[in-house]
Amino acid sequence: MKKLGLIINPIAGMGGKVGLKGTDGLEILAKARNLGAKPISPQRTIKTLERLTSLEDEIELITYPGEMGEGVVKQCGLNPKIIGSIDEGNTTPYDTQQASKELYELKVDLLLFAGGDGTARDIYNSVGTKLVVLGIPTGVKMHSAVYACNPMRAGDLAASYLQGEVRELKEAEVMDIDEEAFRSGIVSAKLYGYLNIPYERNHVQRLKSGSSINERYSQEAIAQEIIENMEEDYYYIIGPGTTTRSIMERLKLENTLLGVDIVHRKQLVEKDLSEKGILEHIREKKVKMIVTPIGGQGFLLGRGNQQISSEVIKQIGKDNIIIIATKQKINSLNGQPFLVDTGDSDLDRMLSGFVSAVTGYRESVIYRISS
Amino acid sequence: MTRESKVRNFHQAKWDEPVIYELSSKGERGILFPEIEKEIEAIVGDGISKLPSNMIRAQPPNLPELSQMQVLKHYLRMSQQTLGADLNVDIGQGTCTMKYSPKINEQFATAPKFTELHPSQDESTVQGILEIIYKLDLFLREISGLDKFTFQPGGGSQAIFAMVSIIYAHHEANGEAEQRDEIISTMFSHPSDAAAPNVKGYRVINIYPNEDGLPDVEALTEAVSERTAGLLITNPEDTGIFNPRIKEFTRIVHEAGGVCGYDQANANGVLGITRAKEADFDLCFFNLHKTFSSPHGCGGPASGALGVSKEFMKYLPVPLVEYDGSKYHLNYDIPKSIGKVRSFYGVVPAILKAYSWIMSLGKDGLREVSEIAVLNNNYLLKKILEIRGASAPYAKGRHRIEQVRYSWDELYKETGVTTEDVTCRMADFGFHMWSSHHPFIVPQPFTLEPTESYSKTELDEYISGLKKVVEEAYENPEIVKGAPHRSVVHKIDHDPLDDPSKWAITWRSYLKKSKK
C-alpha cells in the first residue's frame, strides 16, 4: 500500500486578500487576522483531497493533527493516520519542518503540502530532495515551481503518481522573496534550492513523439552544444540552475547548483563566487557568461543569481551572454518573455529585445527579453 | 442518430485481430499451382534456372502463409477497425487537409492502362503519362508563380529535405556552403522545416510567436547573419494565422544572402489567392496528398511537388520531364543537379490523381475550394468558441485561414480532462481528433481543419460530438477519462515507446528484438 503524507500550512495565503503580500512572521499573521483574513488553505486542500477519495482503499494517508491536516481529511470522509502534536491556532514554520521530517522517517511515497513559498522553503530545509513532494497552491507568494496549477490538478497528479502512471521526477525551483522588502516595494527573490516533484509530461505530446525527448535529454544536448563551442581564450561564467549544471556535469567538474562558477579551458577556475569574486576573476579577460531562465517565471538575471550584478554584466557585454533553456522550460512561460531585473534600469533596457537562446544540439530559438 | 441528438450511438468493431504473421501456418497457400507439364518444360526449362543468378534469393522471403479466405477476412476485419475520411467526419486531423478523394480518380489509377506501365519503358511508349506529369508541372507553376516543378520527393518532409539540398548546392556553387550553416524557421511552421535541415547538418534557429501568434520581423532581424543559409517557413502557419508581413521576411533573408523556401504542404486556404512568387520565395512545395486530394494512404504513397524559380532550376533532381513541342522526354542533363532524392519520377498514381482533380475543377474551381475551406473553418471557429472550456489562443476576434489550433486548457483546469481524454472519448462517437500539435506551445492543443469537403450538417455533427464530450467532462469526468469505451483499443501505455527494446516496426525487427 502506498503512503501519502499531507501537511497543511493553515495560515498560508491569509495575508493575500488583505493586501499583506505574504504571511511570514507572527506579527504579520496577527495583523492579517485583525484585518479579517480567513484561512484559505483548508478549503483549497479539500478540492485536492476530493480527487483522491476514490483511492481510499489503495493508499494510507498520514497527516498531522487538527488544522495541519486531520480536520480537512476527516471532513472529506477519509480516515488518516495521525502523527505528531501541535498547538492548535499557533502553528509555526517549525511545525511544517517537524512534520516533513517525521513523514520522511515514515517513508511516505509522496508528500502533499498546502502552502506558498514559505512553506516550500520549510519543506526544502528539512527534507530537501530526499522526498518526492508536490505543492497545493494556497499561499500568497508562489514564485516556486513546485505547485500544481490548481488544487484539483494537485489531486490528479498525486493520484497518477501513486498509481504509477506518472513515474518521472523533476527538480523544481524553490524561490522566495523577502516579504519585508517586498512590502516596501523592493522585489528581491532568491533561489533557495530544488524539490523533487512528479513530472507530468503532456499526455498528448507523448502520443506523437513516442520516445519523447524529456527535459534531461534536452539539457544534455544543450550541454554538448555549449561545450563543443567553448573557445580556448575565453573564461566562462556558469550561472545557477539545473540546465547550467548539466554543462558542468558533462565536463565532470565540481559545481554549485545555486552559485556561480568559472570555467576556463574546460577546467574549473573557482566555484561559488560572490560578485566581488567574479569581478576579480574577469578583470581584463575575455569572458562569456551562460545563464538560464528560472522555470515558470522566466527571470534570467536578478533573481537567484544576484552575484551577477549590473557591474559584472557591463564588463562581460551583452553579446557575450549565452542563454540556454530547454524548449519545455520556454514553453512553460506561456509566451511571457524572459525577464531581467539587474537593479540598473538602463542596463535592463539595453538587455531587452530579441535574443537567441540555445535549446538543443545545433538548435536555438529567438525569444524576447523584457525588463 | 436520433432526431433529438446529433450524436451517434456508435460502436466500433473489435476483432482482437492478430498480426498477419501470427496467423501464418506453415505450408498454407492461397493458390496451389499445377505441376509444370513435360511439353512446356521441354521448351522453357524449369522456369527458374534461366533467371540471372543475382536475381535468385538464397533463401525464400519470410512471408506469412495463409489461404485466400483467411487473407480476405484479416483485411476486412482490419478495415472495420479504422476511422478515416471515407468513413467519418474527419476534420479533427488539422494540418493534414483531410478532404474527399473522388473515386473516379482511383479508377483511373487502378485501370490497367496505368498499372501496366513500367518506369523503365522507353519514353516513346509512355508519352501519355509524361504529358500528365508535364501538365501538372504547368498547373503548379501557375498556382505558385514559380518556374519548374519536380515530383520526385515522396512526401512533404522529403520535399523539405530536397529544398535544403538545393539551398546547400546554391551556397556551395558560390563558395559559401561552409560559412552559411544556419537555417531559420518559426515555431509554428511544420516541425520538419527544422528537422530536415538538422538532418542535412544545418544549425536551426526557430522564432517563437508573439502575442498575435506571429513571428516578429524584429526577431527575424536578430536571427539573420552572414551565417544564414535560408528560411523555411509555413504561411499560414499551423495556427491558421496568415503572416501579412511575409514579404519583409523574404526581403530580410535575401538581403542577408539566404534562400527562401515556402512550405506549402497545406495550401488549401490560398489557392488562387496568394502565390509563392509574389511573396518572393525562391522555392516551394505542395503535398499532392493534402491540398490536391490524392489520398494520404496511411503515410504513403504520397508526393511533395517541389517547385523552384529560374535561378534554382539547375539544382533540381533528375530526370525532369520536358516537352520539345512534339514529344515529351526525360532530361537527365542537369549538371548541377542535387541528384536523385527518390527512384524514378515520383509516386505517379498521386500525380495522376492530382492532375485529374485539378482538371475537374479548373481555375475558378480551385479558388472556390479555398474560399469554401476558409468559410467552413470560420464557421467552425465561431461554433467551437461557444463550447465551454474551449479557446483559440492568439489573434482574438480575427478570422483564420484554413485551420485553427485550439486549446482545451480551460477545460483541463476546470475538470482535469485533457486533450488526450477528449480524443479518446470522441472515438466513442465515431470521430477522430488527433494528437500531433507540435511544438506544444499551446497548452492542451487540438487542431481542426474542416477543408471544403464537409457539409454544414457534418460540421454540426462534429460540433455536437465535442459538445457532448465537454458536457460529460463537467458532469461526469470519469466517463471521459476512462474512454474509449466503444472503440477498438483501450488506452495505450506509451512508456514502452521510450524503450527501443519494447517496440518494433516490422515483423523482422520484432523477431530480431525478441530473439525468436
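Buried area is the accessible area, computed with a 1.4 Å probe, that two parts lose on being put together, summed over both. In this predicted model, local features need pLDDT of at least 70 and side-chain atom pairs count only at pLDDT 80 or more, while totals for chains, interfaces and linings use all residues. Residues are numbered from 1 along each chain as its sequence is written, chains are lettered from A in the order in which they are written, and side-chain values use heavy atoms, without hydrogens and water.

Chain A and chain B bury about 3,200 Å² between them, with 49% of this area on carbon and sulfur atoms. Contact (heavy atoms within 4.5 Å) involves 37 residues of chain A and 37 residues of chain B. Three salt bridges (a side-chain nitrogen of Lys or Arg within 4 Å of a carboxyl oxygen of Asp or Glu) are counted between the two chains. The side chains of B:R203 and A:E225 form a salt bridge at 2.5 Å, N to O.

In chain B, helix 10 spans residues 246-255 and has B:I246, B:F249, B:T250, B:I252 and B:V253 as its buried residues (under 20% relative accessible area, 1.4 Å probe, protein chains only; helices are DSSP runs of H or I of at least four residues, strands runs of E of at least two, numbered from the N terminus). These residues lie on the same side of helix 10 of chain B because they cover an arc of only 160° around the axis, taken from the directions from the helix axis to the C-beta atoms. Their cover includes helix 9 (217-223), strand 4 (228-234) and strand 5 (259-264) of chain B.

Definitions and conventions. Buried means under 20% relative accessible area, exposed over 50%, partly exposed in between (1.4 Å probe, protein chains only).
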